[in-house]
Each structure stands twice: as C-alpha cells, then as structure tokens.
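Subject: Structure for your review

Dear colleague,

Please find the structure below, followed by an account of what was found in it.

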Amino acid sequence: MELPITKPSQVSYADELELSELLEKLMQKEHNGFIRVTHGSEEGYILFKYGMQVAASYDRHLKHDALEKINSALGKTDTLIEVFDLKKTQIDYLIDLNKVYKFDFAKKSNKTTEKPSEMIINPSEDEYFNPKTVSYRESIANGSATEKADDLPEVKTAPETNSMEDAKLDIKENNSIKSDNSFGESTENNTTSKSIESNSKIKAQVSNQNNDDVEVNLDSKTGPDLKNETSKVTPTEKLAEIENSEKPLKSEDDSSQHSTGEEITSEEELILEEGNTEPQIPMDRADLMKKYGLKDIEDEEVDKVIETYKGGEVSIEDLEKIELTLMNKIKKSVMGINKIGGTEVMVFLDNTNELSGKINIICEYASKGIFSRIMGDSKDIQNLKFHISEIVEMEIRKSFREYPQIVENFEINIDIN
Amino acid sequence: MTRVITIASGKGGVGKTTITANLGVALSTYGERTVVLDADIAMANLELILGMEGKSVTLHEVLAGEASIEDAIYEGPSGVRIVPAGISLEGLRNVKLDRLEETLSRLIEDTDILLIDAPAGLEKDALAALAAADELILVTTPEVPSISDALKTKIIATKLGVNILGVVINREQHDKTFLTVDEIETILEVPVISVIPDDPEVSRSAAFGEPIVIKNPKSQVTNSIMKLAADLVGEQYHPIEPDKKGVITKLIDGLMGRR
C-alpha cells in the first residue's frame, strides 16, 4: 500500500505485543492510521478508519488474504509491528489511493446473509495482487460468492460471552460496536452471538455512534419484530456512510436514521444514548488542573508581574534611593546660592511608564534689605527662580547621565519667600 | 489597519520562533504585507531559522538608538519582511527596551500584519512584547510544563487587555502520555486554532535556514501552518497532498534530476 511513513506512534515486536489487544485498543480509540507489520523483507499493512480495518496488504497479497498472511507473520517472534497515526482528512484520500487493497464489504454483506453464522472470506487467488490485472480481478471477485468460514484469518478473538445479555453489557462497557451487521442480523442463538463479537473485531469496528450499537441492544431488549425493523440498515450502508463522511457519524445522524424504524420507543432510544456514551474523561477544568497539578495565578500575583513591567527599569527600592539622592543634590546646589537663606526640596518620582516626577522647592530669600524692597524685587526673584530651575535640571542631567532627556519628564515648582 | 499579533508561549523551546517565521512566510504568500519582529532580544534566533544571520543592523542597534528601524528591516522568503534581533551580547548591552514602543509605532506603517516573536518567560522584555500586541497566539506543546507556562502567559495577556486568538499545539504526537486537544482547550480556556504534528523535517529545515513552508510544502506541518495563516486572514486553504508517485517513479525522477 502507498502510505505516508512518518514516525510510528508505537513500535513493538510480535512477541511483546498481543495483536488482538492492539486491534481492540485501536477500535476503542477509533484510530485513524495504519499498522505496518515487517517480517524479513516482507511488509504488511492494515489501514484503519475510525478504528475499523478498511484495507490490507502483505507483500503481494491483498485484502483478506493479506490479513491471513499478516496473522501468520505475527506468529514469528522477529516480526515488527509499528502503529502510524494519520489525520482524518488523510484517510479517505489514502483509501482511494489504495482502493485495490480495500475490503469489499458490500460483497461480504450479501454473502453472509446467505450463511449467517459463518465468517466468510475467500482468500482465493482473486486476492493475489497483480497490479496489471487489478480491475479485472476485482470484477471476478465480485462475482465469486462462495466463501468459507474456515478461510477467515483469525486476527482477533474477542472474549467469549455466554448470552446476548452478556454481549450487550460488554458492548456498553467498551462503548464500541463489536458486530458487523451482516453477521449480527442473522444471529439467532448464543453461538452466533459469539461469532458476531469475534467477527466484528476482525472485520469492522464501527464507532459508538454507529447504528450497530442500537441493533445489538435491541436484539436483547426487544422482540424479533423490532430487530427486523432496525436491521433494515445494513452494515454495508453504515460503512458506506462512514466512508462518505469526513467525520464520524454523530449521534444526531443516528437518531435520524433510527427514526426510520417507527417502532423504536423512547426507552430504546434511552438505551441507545446510554450505549453511545463515550468513556468519561475528566473534562471539568478544575479536575484537569488537579490532575496535572496546575494552578491559576492569583490576581495579586498578576498585578505584581505587570507592575514590574509598568514600573520601567527602576524598582521601588531604587526609586526611593533616587528620590533621596536627587533631594540632597538639589538642596546642596540651591543652598550654594548666596541669596538663599534656607530651602526645602521634595522629590516625587512616578515610575509607571517611564521615570518621571515632580520636584517642589521652597526657598527662603536671605538678603532682602530695605533698598531692595523700595526698588521692587520681582525681577530679582524671577531671575532667582530661573537660576534655581537651571540648577535642578543640571542635577537631574548629572544624575541620569545615560538618559539626560529624562529631565523633560520632570515638573519643577519653585516657591521663594 | 495593522494587526499586531504576538506569538508567545511562556516556556522556551516549544517552537515559537519556528512557527512565527513560517507563519510570517505563509501570511506573505496570501499577499499580506507582513513584518516579523524578533522581540527575543536576549536569545534571538529568528535570523538563524531564516538563514539571515550576520546582519549589521538589527533590533539591538535600533533599541540602542544607533540606527533607525528602517535600516533593520530585511526581506525574507515570499516577501516577508524580517527585523532580526541580533545575536551578539555586546549589542544587547546598550538596548533600551523603552524604545520598543516607538520602534513598533514606526514599524506598523505600511504593514498589514506585524508578527512579534515574544521571548520566553514573563520578564520585562516578554511583557513588553505582550503589551505591544493587539492579538496573541499562544504556542504550547502538549506537555504539562508547557501548558502551565502558557496558562500564566494567557492570564497576564488577558490582564493586559490583549485579545487571545487561540492556542497552537506544536509537536503533537498522538501519544496518550500527553494532554489531548480537548484537555488543553479546557485548561487554557482558549480555542485550539491549530495542531502542528511533530516532524523532524522542521528541524532539518531550520538547519538549512529555510522555512519548512518553503522547503517542504506538502508536509503536514506546512499544511497546518498554511491553514492557520489562511484562517487568520479569512482565506481558504486546500491542503497539498503528498505525491501519488510510486517509489520507482520517484527513484527514476531522482536519478534523472527531475525532483
């Protein structure tokens, strides 16, 4: 098969891994991808869509014949099993690309209606892959309707159930469909119910949204009439639906299909819903947080973190030091002016975006004689204010030598008495 | 109006820079005038991923006041414009982070989308990158430590009033060991807008200094990133499927030099 070989999600040797368990796991998680089985120079592939095997190849063998070969290869200890994951969007494309390897479900469905209790697969030469004659071979294969249960490659065996009730319980527990309808329709006794289960795991794993679930539930809960009604939807149709849809069938789809069977009661619908319930995972956020040991940050912590950003490059401690340093420097410089008898300097820095602030200076005019008072001192005070302002700016520039333009961020108020 | 989108993660090494670089290229292919700014000024490596190392003028020089931002813009693949941060520690010494805001305001002229590759952590430089953004894309791997840091980043970004577009899950491995998409969505309370599979080809592309969206346009990673870019700008993207050629055909093509 032509498949994109990327990094396998799981690698194991055949003796380390029970293929039946692997297949069951893939069914349960509705795996989209493929497994590669390598033994010596021979390689086999099983392609999965929503956990269901849709195509297989092994060396030059294809379809069910390939499955049989894969099964026999898995009996050898040095066989390597690799699981590859694919996107849902890739699957249809790859099925189309490898359609010669695709299982013919329609054909099988018809055949099994005739021989319900048997798993009928014909690993005849029709399934021996010859690329040149594939289309021709396929048409022959469509015509061949006699296949025997003995030919079935037993890739998977399911746990045996003793009754239909047990089967139902098992189905509910696994939340997956374990019956291929073609076999399921014709089940009339316990023996065949076992066959349903085991066959289904080999042939078709339909998601829990699939109708099969309903059918099995109804088999055990309701009478044969209802069973017949619901069995109108054949597995082939369901498979076709899955293949035609990009996404798995939703429960709404199911319910719309079931509505065709008018005899389905609300109780049965309830059973259907129960059966369709997916395995519960802790999706509650609190549970998840607890599960993974995660914690939300408190608002207070968030504010602190943001404050460090808003606070520019200066911490609060540094800010206080800067205020004190500036205050002393300015005071010292202002006191150096002869006409100033005393001064008080207050520096208020704001560190929100970038460093800015307010500087308030209160000065006492020292030598204000009577002549000055008569002549008027307004001009003198103006000059003094200008002088003090220049001194303050100079001190700021000296303090922030690397960033002298910061002086523009300061508001300087001078009051002379 | 220019969209300023920051790509952040909280944790380092989750693939922010790789996604930013490739997303930038992808957006350019949709005709968006895109600028990618490496705001990880301390640990810059956008230029390494894009094979643009050794530029004389970088964001370091701009933030040091030694050059204008116009001189630090370089044209990258598909016409995306790149502002590398510079990898020298000497250049980092003179950086004044306060100038970032002014730099960005000049950068958004003549730009449709400005992608900012944010530094890891929640230090001042990371917060500056978050605060500068209108929108945020969180990048995380499906691992608990990565989710934990992404959660912190998301909370801070929300507080800063940034619109969180969603989370990109990088290096998805379909491994039960890791968190599922649903779990990540639930924990972060943010929609998952893209899931990028783990692919060693990404590292190889980076080693070649070539974005994977250019080097390997058919890879799943490329398809995911192109889809993400398409979603961001409201375009339609149709994934490019791998070649249907058989092995023999590929071999012959390779031998004939037709690849």
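At what angle do helix 7 and helix 8 of chain B pack? The angle between helix 7 (residues 144-159) and helix 8 (residues 181-188) of chain B is about 35°, and their axes are 10 Å apart. Axes here are lines fitted to C-alpha atoms, for helices over the stretch in contact, and angles run from 0 to 180 degrees between N-to-C directions. Helices (H or I, at least four residues) and strands (E, at least two) are DSSP runs, numbered from the N terminus.

Please note that this is a predicted model, in which local features need pLDDT of at least 70 and side-chain atom pairs count only at pLDDT 80 or more, while totals for chains, interfaces and linings use all residues. Residues are numbered from 1 along each chain as its sequence is written, chains are lettered from A and ligands numbered from 1 in the order in which they are written, and side-chain values use heavy atoms, with hydrogens and water left out.

In the pair of helices described above, I147(B), A150(B), L151(B) and K154(B) of helix 7 are in contact (heavy atoms within 4.5 Å) with I184(B), I187(B) and L188(B) of helix 8.

Buried means under 20% relative accessible area, exposed over 50%, and partly exposed in between (1.4 Å probe, protein chains only). Leaving aside neighbours within four places in sequence, L23(B) has contacts that include I7(B), L115(B) and L232(B). Helix 6 (residues 124-131) of chain B is mostly covered, with six of its eight residues buried; among them are D125(B) and L130(B).

Finally, an unreviewed UniProt entry annotates a "binding site" that includes K11(B) and V14(B); such annotations may be inferred rather than shown by experiment, their positions are given in the numbering used here, and feature names are shortened. K11(B) lies in the loop between strand 1 (3-8) and helix 1 (16-29) of chain B, and V14(B) is placed in the loop between strand 1 and helix 1 too. K11(B) counts as partly exposed because its relative accessibility is 29%, whereas V14(B) is buried, at 1%.

Yours sincerely
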